[in-house]
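Thanks for coming, everyone. Let me put the structure up, and then we'll walk through how one part of it packs.

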Amino acid sequence: MIKQDYKSFDEVKAIALFDFVCKNTNKVDLKEGYFEMPKDFLKYLSENKGGSCGIHSMVFKLLCNKAGLKARRIIIKNKDTNFSHKVTEIFYDNRWHMYDPDLKIRFDESLKELSKKPDLLKMKYKKTTHPSYVNLYLSDNEVYYLRDTRIGSYIQKFKKIFLK
């Protein structure tokens, strides 16, 4: 259902693409190792209809870029345990907005803004299958903005797989 109070067409595109990724993927562990991206993540996704946070954030970022939206992937890594989680930020309405396609939640705020809103983070992550992930955002952990280089033909493969 389309809500009437969107700020821009870019927000509508971002939410539509987010909904598409969430409806067409499931959270599953990677066969090649949980913390590794498969060599061809779109093939993996088509065969398994799912993946880890890295795959979900990559597919969402690629689709947003293809739709003309500025997007970036972020990895939040626990300094003590090396556990990490990847999310995507999309730029529209003159600011960044965080989306977590792996756990199917989105925010109107950026990761930086959310770090100052622990109650909002706790409320949204509490409803997911992994509520403890909220601790990654509220602790003094490492945050990396990823520069993805594997774009090229992946978006075409994704179209062939899902958009037939």
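In which sense does α1 pass α3, in a right-handed or a left-handed crossing? The crossing is right-handed. Keep in mind that this is a predicted model.

α1 covers residues 9-24, and α3 covers residues 53-66. Their axes come within 10 Å and cross at roughly 145°. On the α1 side, the contact uses Ala14, Leu17, Phe18, Phe20 and Val21. Facing them in α3 are His56, Val59, Phe60, Leu63 and Cys64. By class, that contact has nine nonpolar residues, one polar and no charged ones.

Now α1 by itself. Which residues of α1 are buried? They are Glu11, Lys13, Ala14, Ile15, Leu17, Phe18, Val21 and Cys22. The cover over them includes α3, β4, β5 and β6.

On to the core. The largest nonpolar core has 16 residues. Those with the most contacts inside it are Ala14, Phe60, Cys64, Ile90 and Tyr99. α1, α3 and β4 each supply at least two residues of this core. The largest share, six residues, comes from α1.

Take Ala14. What does Ala14 touch, leaving out residues up to four places away in sequence? Phe60, Leu69, Ile90, Tyr92 and Tyr99.

One last item. There is a second, separate core of 15 residues. Among them are Phe107, Tyr125, Tyr133 and Leu136.

Terms used: Residues are numbered from 1 along each chain as its sequence is written. This is a predicted model: local features need pLDDT of at least 70, side-chain atom pairs count only at pLDDT 80 or more; totals for chains, interfaces and linings use all residues. Side-chain values use heavy atoms; hydrogens and water are left out. Axes are lines fitted to C-alpha atoms, for helices over the stretch in contact, and angles run from 0 to 180 degrees between N-to-C directions. Helices (H or I, at least four residues) and strands (E, at least two) are DSSP runs, numbered from the N terminus. A crossing is left-handed if the near helix is turned anticlockwise from the far one by less than a right angle, and right-handed if clockwise. Contact means heavy atoms within 4.5 Å. Ala, Val, Leu, Ile, Met, Phe, Trp, Tyr, Cys and Pro count as nonpolar, Asp, Glu, Lys and Arg as charged, and the others, Gly among them, as polar. A nonpolar core is a set of buried Ala, Val, Leu, Ile, Met, Phe, Trp, Tyr and Cys residues joined through side-chain atoms within 4.5 Å. Buried means under 20% relative accessible area, exposed over 50%, partly exposed in between (1.4 Å probe, protein chains only).
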